[in-house]
Amino acid sequence: GGQWVQALQLLREMEDGRVERETVTYSAAISSCEQGGLWVQALQIFSEMMSARLQRDTISYSVSMSVCLNGEQCVRALQLFREMADCRVERDIFTYNAALSACGKSEQWFQALQVFREMVDVNVARDIMSYNTTISACEKGWQWVHALQLFHKMAVDGVGRDTITYNAVVLACQRGNQWVQALLLFRETAGDHVERDTDTYHAALNACEQG
């Protein structure tokens with residue numbers, strides 16, 4: 001976890017030596033904090049970009065959000081996501097997926113759906129991670145209807161479904177006392193050629209218990 005210390009030292013050396021620092025320089029330094037979940041240090045570097053009069057771009061916001069997520073700072077990650085819109089910084093698939101992940105981890109299913117729907121308005125293609133994180137957010141919020149709707153929409157949009165997808169939607173149905181639907185989805189994994197893991201079986205077993 002000492003990479004961020006070295007990154008700050010290098011930034012100071014560049015400042016003292018009057019070496020031009022670019023946005024990519026700061027983004028790399030922020031990224032060095034990610035592995036250790038050092039979100040405080042990452043945001044410190046991120047804020048220094050303002051004093052250095054550097055434009056914070058999509059990449060610098062994206063890596064800062066990622067560090068916040070690793071540090072379980074979901075609220076801060078969502079603040080950065082909203083700040084991008086205020087500062088007219090382009091938000092791409094990575095920043096949207098990070099925001100969806102933050103919503104899921106903080107159990108904000110309604111906000112996750114809002115972010116998910118916004119992706120269509122700004123022409124950002126939704127991928128399997130977008131769907132999985134939103135379905136998972138709905139599952140955590142006991143919103144089995146929304147989870148099931150998203151699951152079916154994946155087929156319409158041509159997005160493949162994996163074990164994570166099935167685990168989330170089966171669990172959502174099981175939590176919503178929809179044990180018949182949960183078991184139907186469990187059986188559907190075979191036709192979809194999706195591997196079942198421990199979580200898949202646990203959710204199905206719990207559904208059987210309800211029935």
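This is a predicted model: local features need pLDDT of at least 70, side-chain atom pairs count only at pLDDT 80 or more; totals for chains, interfaces and linings use all residues.
Beyond its neighbours within four places in sequence, Ser62 is in contact with Phe94 and Thr95. Ser62 belongs to helix α4, spanning residues 58-70, and its relative accessibility of 17% places Ser62 among the buried residues, because buried means under 20%.

Stepping back to the whole chain, the protein has twelve helices and zero strands. Its pattern along the sequence therefore reads α-α-α-α-α-α-α-α-α-α-α-α. The C-alpha trace spans about 70 × 35 × 25 Å along the principal axes. Of the 211 residues, 47% count as buried. The accessible surface comes to about 11100 Å², and carbon and sulfur atoms account for 51% of that area. When contacts between residues at least 6 apart in sequence are considered, 60% of them join residues at least 24 apart.

The axes of helix α5 (residues 74-86) and helix α6 (residues 93-105) come within 9 Å and cross at roughly 145°. The crossing of α5 past α6 is left-handed. On the α5 side, the contact is made by Cys74, Ala77, Leu78, Phe81 and Met84, while α6 contributes Thr95, Tyr96, Ala99, Ala102, Cys103 and Lys105.

Side chains of opposite charge can pair when their charged atoms come close. The structure holds seven salt bridges. One of them joins Glu83 and Arg56, with the closest N and O atoms 3.4 Å apart. Glu83 sits in helix α5 and Arg56 in the loop between α3 (39-51) and α4, so this pair ties together parts that are 27 residues apart in sequence. Arg56 is buried, at a relative accessible area of 12%.

Arg161 takes part in two of the pairings described here. With Glu188, Arg161 forms a salt bridge at 3.5 Å, N to O. Arg161 lies in the loop between α9 (144-156) and α10, whereas Glu188 is in helix α11, so the pair ties together parts 27 residues apart in sequence. Arg161 counts as buried at 19% relative accessibility, while Glu188 is partly exposed at 32%. The partner in the other salt bridge of Arg161 is Asp192, where the closest N and O atoms are 3.3 Å apart. This pair links distant parts of the chain, 31 residues apart, with Asp192 in the loop between α11 and α12 (198-210). Asp192 counts as partly exposed, at 29% relative accessibility. Elsewhere, Arg126, Lys153 and Asp157 are linked in a network of salt bridges.

Gln174 is found in helix α10, residues 163-175, and counts as buried with a relative accessibility of 12%. Apart from its neighbours within four places in sequence, Gln174 is in contact with Ala182, Ala203, Asn206, Ala207 and Gln210. In helix α11, which covers residues 179-191, lies Trp179. Trp179 is partly exposed, at a relative accessible area of 33%. Together with Val180 and Leu184, Trp179 makes a nonpolar surface patch of about 260 Å².

Methods. Residues are numbered from 1 along each chain as its sequence is written. Side-chain values use heavy atoms; hydrogens and water are left out. Patches are made of residues with over 30% relative accessible area and no salt bridge: like charges are joined within 9 Å, nonpolar side chains (Val, Leu, Ile, Met, Phe, Trp, Tyr) within 5 Å. Accessible areas come from the Shrake-Rupley method with a 1.4 Å probe; for residues, only the protein chains shown count as cover. A salt bridge is a side-chain nitrogen of Lys or Arg within 4 Å of a carboxyl oxygen of Asp or Glu. Helices (H or I, at least four residues) and strands (E, at least two) are DSSP runs, numbered from the N terminus. Buried means under 20% relative accessible area, exposed over 50%, partly exposed in between (1.4 Å probe, protein chains only). Contact means heavy atoms within 4.5 Å. Axes are lines fitted to C-alpha atoms, for helices over the stretch in contact, and angles run from 0 to 180 degrees between N-to-C directions. A crossing is left-handed if the near helix is turned anticlockwise from the far one by less than a right angle, and right-handed if clockwise.
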